[in-house]
Amino acid sequence: MRRILVCSLLLSALAGCQSSHVSQAQAQDQAAPQEQAVSQDQEQASSQDLAEAQAPEALPPASFDAWRVEFRRQARAEGIAAQTLDRVLGDVHYLPKILEYDRSQPEFVRPIWQYLDSAVSSTRVSTGRERLAEHRATAERMAGRYGVPAEVLVAIWGVESNYGSHFGSFSTLDALATLAFDGRRRDFARGELIAALRIIEAGDIAPERMIGSWAGAMGHTQFLPSSYLAYAEDGDNDGRRDIWGSIPDVMASTANYLARAGWQAGEPWGIEVRLPEGFDYSQTELATRRPSASWAEQGVRAVSGEALPALDRASILAPAGARGPAFLVGGNYRAILRYNNATSYALAVGTLARRVAGEPGIRADWPREEMPLTRAQVRELQRELNARGFATGTPDGIMGPNTRAGLRAFQASQGLTPDGFATVSLLDRLQP
């Protein structure tokens, strides 16, 4: 997943990567509106960082050698051939820099509009149109086979790796071995390493070509090995599933993933809407689902003036509260969340797909003068709300649905619009 600010964004990548794909973690329908979406073009360290991370220690710790022996025993017990292990394990290196990335978590969370500015930049849009023109026949063929529009496939490609220009420079085997040896989620990483060995054993990729992010996500659209095993497809019919070098395989695999995640052909992911005066913002949660006609009865209108799309289980999102854009989203939006469970990520993919198709982007303004709360400030907000009787649960620094509900109740008590959008000014009101 990426790094525009090397210190803060790269170090959040594992969290994004571990929620990227269905096989590793099912998406939660209560994605927080200000969470940090992580995508591969933000996950790139400087060339010096990459060199340091990929250079093995001169003398790996003896315990890593012992771990390698034990891992070999476990892998053999799980059916990995001795020949595969002989081929791979001798060249696996312990990379201390990976653990620095794994153990560091950013305190500051970018506002959603800053993320979208980068993810749906004019350059990203124009390049997406060029890539679609270049690969249109392939994209349309996969769209016909899986029901996922060509523009959505290109948008996933753009957000995940900037169309293949930044899908990582790390050995997936080294990264996962390091994390399985001494990471925060050792069992998870060990399982992904086993999956990586199965990919090599199947002959899909040579060990030295298995390249991706420091967290183990691979190729143009950033599959973890377990997701690869479950969803990767041979789009060019050459007998291999090559998400590193074959664009037909990349598009087929990405389309298959979204189709298996529940994508419905012919339905939009969502539409930007205008909410009526006095709208009840407690309804702006993904868990609240109603037919589009029901939202229309409340006065929800498309900003374009067209009729709302016919969606049976549509939700309203207002990621920046009453002062920012609002969206009506359906099942295909939730399918995108299965790829990466972040509101900002799903909106970026959906908006980029629209822009690549020649449609307008988000029209309403964002409250750009507002600064999002740091995780420490969110914890303080939660503590203050709890102390005043507006229950948010255990303070954890995450703006989830319980925190938004408590914040809305506090806003209502103050005569403010109860939209659940956390700001520094609201925290100031709460603090003595």
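Colleague: Which residues of α11 are buried?

Modeller: Quick caveat: this is a predicted model, where local features need pLDDT of at least 70, side-chain atom pairs count only at pLDDT 80 or more, and totals for chains, interfaces and linings use all residues. Numbering runs from 1 along each chain as its sequence is written, and side-chain values use heavy atoms, with hydrogens and water left out. The buried ones are T172, L173, D174, A175, L176, A177, T178, L179, A180, F181 and D182.

Colleague: What is the relative accessibility of Y163?

Modeller: Y163 sits in the loop between α10 (150-161) and β1 (170-171). Its phi is positive, about 60°, although it is not a glycine. Y163 counts as buried, at 6% relative accessibility.

Colleague: And where is Q222?

Modeller: Q222 also has a positive phi without being a glycine, about 55°. Q222 is buried, with a relative accessible area of 0%. Its place is the loop between β2 (211-212) and α13 (225-231).

Colleague: At what angle do α8 and α10 pack?

Modeller: Angles run from 0 to 180 degrees between N-to-C directions, with axes fitted to C-alpha atoms over the stretch in contact (heavy atoms within 4.5 Å). The axes of α8 (residues 122-134) and α10 are 10 Å apart, and the packing angle is about 125°.

Terms used
Buried means under 20% relative accessible area, exposed over 50%, partly exposed in between (1.4 Å probe, protein chains only). Helices (H or I, at least four residues) and strands (E, at least two) are DSSP runs, numbered from the N terminus.
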